[in-house]
Amino acid sequence: MRADVAELAVEIGPLRLRNPFLLASGIWGESGESLAGAWDAGAGGVITKSIGSAPRPGYPNPTIESYSDWGLLNAMGLPNPGIEEYPREVAAARARGATVIGSVFGGDAEEFAELARRLAATGVVALELNLSCPHAEGYGTEVGSTPDDVAAIVRAVVREVRVPVIAKITPNTPDPAALAVAAEKAGAAAISAINTVRGLAIDATLHRPVLAHGLGGLSGPAIKPVGLACVWQIYSRVQVPVIGVGGISTSEDALEYLMAGARAVEVGTAVARDGIGVFGRLVSGLSERLDALGYRSAAAAVGAAHTAPS
Ligand SMILES: Cc1cc2nc3c(=O)[nH]c(=O)nc-3n(C[C@H](O)[C@H](O)[C@H](O)COP(=O)(O)O)c2cc1C
């Protein structure tokens, strides 16, 4: 038996997670049952699908193109049942003991604030703002690409709710860290980075884009360096915790994110590819790696790559 086992619990502002691994928004999180399944599989918390004001069917198929080893290109179009219907799913997941973080998307600060107020009332422990979906007209990147827009939305939501607000920012801009700084100044308790990277696949035989929507968002292993770079830069410029997202499928990936400055991480495409069993493997793998490197806790590794001797 090992004498030392690194402490995996981490704190995101007032929020304590049993381990740093969160289910990323939009993958596996549409129903209360699936959210609870990810929790039972070992996730430290689960983030809901991004919820909007009204039910949305999303874009027509094809909405996903798979690039076997290196990721997915998707343009789902933010399909969701709408804020009227969704609270029952949160209640189902909470009844199973899950730590649930709500995700919302809106077209302006007012809509974000109203959605946040209603989702906060369901008992979610925090709210993540989708300021970063790269392919939904009128939402995501279109309302979250400038520091002023991000600040206005975060400020409006923070005024409306008591739970911590997490701003999920886009990598599809020259200075993602400037968005994080704006979110922090406006009262965000944490920053998550990144959402998918804008991409395109062409079917040369059919002479047209593969996805019905045309442009999509790239996720999975291919975007890990982009996510790491964003986390690295954001960590240097904000005081609030950073949550890393993008291409995490192994405990090594997660440790790299912690060392770049992430206090927790979200896992999306790896869940779609490998199933929710990935959480158990990530938790035990991270624990072993931290022990092997002499870290007493996950928190102790946060930002380590910024301070290591060159
Ligand atoms: C099919 C799919 C649906 C997604 N839906 C959402 C969503 O509703 N809200 C959101 O904030 N991010 C959404 N994302 C982005 C993920 O939460 C995550 O930021 C991104 O996929 C990068 O992480 P990964 O490489 O681990 O997948 C979606 C990603 C995929 C692949």
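**Exercises on a predicted model**

Thr173 touches Ser145 and Leu179, leaving aside residues up to four places away in sequence; a contact means heavy atoms within 4.5 Å. The model is predicted, so local features need pLDDT of at least 70 and side-chain atom pairs count only at pLDDT 80 or more, while totals for chains, interfaces and linings use all residues. Residues are numbered from 1 along each chain as its sequence is written, and side-chain values use heavy atoms, with hydrogens and water left out.

**Exercise 1.** Locate Thr173 and state whether Thr173 is buried or exposed.

Solution. Step one: Thr173 lies in the loop between strand 9 (165–168) and helix 5 (176–185). Helices (H or I, at least four residues) and strands (E, at least two) are DSSP runs, numbered from the N terminus. Step two: buried means under 20% relative accessible area, exposed over 50%, and partly exposed in between (1.4 Å probe, protein chains only). Step three: Thr173 has 17% relative accessibility and therefore counts as buried.

**Exercise 2.** Classify Leu215 and name the surface patch to which Leu215 belongs.

Solution. Step one: Leu215 sits in the loop between strand 13 (208–209) and strand 14 (216–219). Step two: its relative accessible area is 40%, so Leu215 is partly exposed. Areas come from the Shrake-Rupley method with a 1.4 Å probe, and for residues only the protein chains shown count as cover.

**Exercise 3.** Which radius of gyration does the chain have, and what would a compact globule have?

Solution. Step one: the radius is taken over C-alpha atoms, and the globule rule is 2.2 Å times the number of residues to the power 0.38. Step two: for 310 residues a compact globule would be near 19 Å. Step three: the chain has 18 Å, which agrees. Step four: buried residues make up 59% of the 310.

How values were computed
Patch = residues over 30% accessible without salt bridge, like charges linked within 9 Å, V, L, I, M, F, W, Y side chains within 5 Å. Salt bridge = Lys/Arg side-chain N within 4 Å of Asp/Glu carboxyl O.
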